[in-house]
Amino acid sequence: AIDASLCAGPGGPPLACPLAYVAAPHDVRPMAEMWVCSHAFYALSTSCGAVSARELRHGLGWEAPIEADLAARQLRLVANTYQDAAQIQVQAQAEAGAEA
């Protein structure tokens, strides 16, 4: 199940969602891994609890490491988001200075 408050999923950062979703195991990763793959996977709901059984994690494909290209893409998206936010802040400060 996908956490209704954090629909981190393919194509974007975590977003507020009105509904919980169900996704295939190969489309989901544990919440602890979202920092490195939220652009490509849905987050496993924290209400499900931790999946600690190694055999189950292996069967669901969650023991496999995140591929390097996915991690690199995630870091690039984070950097782009930071740059966009910094540019917006600089523009807002410039506009505030021009009004003063």
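From the N terminus on, the elements run β-α-β-α-α. That gives the protein three helices and two strands. Both are DSSP runs numbered from the N terminus: helices are H or I with at least four residues, strands are E with at least two. This is a predicted model, where local features need pLDDT of at least 70, side-chain atom pairs count only at pLDDT 80 or more, and totals for chains, interfaces and linings use all residues. Residues are numbered from 1 along each chain as its sequence is written, and side-chain values use heavy atoms, with hydrogens and water left out.

Now the interior. Of the 100 residues in the protein, 25% are buried (under 20% relative accessible area, with exposed over 50% and partly exposed in between; 1.4 Å probe, protein chains only). The largest nonpolar core has seven residues: Met34, Val36, Cys37, Phe41, Ala43, Leu70 and Ala71. Such a core is a set of buried Ala, Val, Leu, Ile, Met, Phe, Trp, Tyr and Cys residues joined through side-chain atoms within 4.5 Å. Helix H1 (34–37) and helix H3 (68–99) each supply at least two residues of this core. H1 gives the most, with three residues.

Gln74 sits in helix H3. Gln74 is buried, with a relative accessible area of 7%. Leaving aside residues up to four places away in sequence, Gln74 touches Met34, Trp35, Val36, Cys37, Ser38 and His39. Contact means heavy atoms within 4.5 Å.

Finally, the whole chain. Take the contacts between residues at least 6 apart in sequence: 58% of them join residues at least 24 apart.
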